[in-house]
Amino acid sequence: MKNKMFLIKTVLTCCIALFIAYMLINVEPFSNVDIKEVENQIVTTGDLGTMKKSNNMMIKKVFGLNDAEYDGTIYYKGEGAMDVTELLIIKLKSKDQASSVESAVRKRLDSQIQNFTNYGTNQLQLLESSVIKVSGNYFFYVVSENAVQLKDIFSDSI
């Protein structure tokens, strides 16, 4: 009986240790890379298409996010009313901010999908293939024909 109890305790201890190790390995660390370096990598290596850099007031207008609450923000937007391409990168001050940023971005994305449903098939395809990624203290959102390429450049740069 004592051997069975010892075996059960040993197995449970090993399972807990493995679970803790798994959780520690999968936590993405905060990046010390400056957001301007990330932007430079994306601009020089990636294809932004028709997107042009927008100011911080556009982030407030489009997403309802105040750039002063973050360690840095970058926003590129396509030109013209029918151009849905956009790129948003935010360096978060804390991991807790990720959910509110993601909520604002999803609200924007849902609104754009609703606006282009039934008449903007090309735009709708781009919107539906958008990429949203939280990596450590960085938030990344892109709507582009080159979304996967831009996401990969972002991931490599942080």
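View 1. N118 is exposed because its relative accessible area is 79%. Here, buried means under 20% relative accessible area, exposed over 50%, and partly exposed in between, using a 1.4 Å probe and protein chains only. The model is predicted: local features need pLDDT of at least 70, side-chain atom pairs count only at pLDDT 80 or more, and totals for chains, interfaces and linings use all residues. Residues are numbered from 1 along each chain as its sequence is written, and side-chain values use heavy atoms, with hydrogens and water left out. N118 sits in the loop between α4 and α5 (121–128). Helices (H or I, at least four residues) and strands (E, at least two) are DSSP runs, numbered from the N terminus. N118 is not a glycine, yet has a positive phi of about 85°. Most residues other than glycine have a negative phi.

**View 2. Q97, a buried residue in helix α4.** Helix α4 covers residues 97–116 and includes Q97. Q97 counts as buried because its relative accessibility is 14%. Neighbours within four places in sequence aside, Q97 is in contact with E69, Y70 and L92. Contact means heavy atoms within 4.5 Å.

**View 3. F63, Y75 and Y141, a cluster linked by ring pairs.** The whole structure holds five aromatic pairs. Rings of Phe, Tyr and Trp (its six-membered ring) pair if their centres lie within 6.5 Å; planes under 30 degrees apart count as stacked, over 60 as edge-to-face, and the rest as tilted. F63 and Y75 are edge-to-face because their planes meet at 85°, with ring centres 5.3 Å apart. This pair links distant parts of the chain: F63 is in helix α3 (residues 56–63) and Y75 in strand β2 (residues 72–77), twelve residues apart. F63 is buried, at 7% relative accessible area. Y75 is buried too, at 1%. F63 also pairs with Y141: the centres are 6.1 Å apart and the planes at 85°, so this pair is edge-to-face. Y141 lies in strand β5 (residues 138–143) and F63 in helix α3, so the pair ties together parts 78 residues apart in sequence. Both F63 and Y141 are buried.

**View 4. The largest pocket and its lining.** A pocket is an open set of points on a 1 Å grid over the protein atoms alone, where a 1.4 Å probe fits, with protein on both sides within 12 Å along at least five of seven lines; lining residues have an atom within 4 Å of a point. The largest pocket holds about 210 Å³ of space. Its volume is the space filled by probe spheres set on the points, which are joined across faces, edges and corners. The lining has 15 residues, with T50, D83, T85, L126 and E145 nearest the centre.
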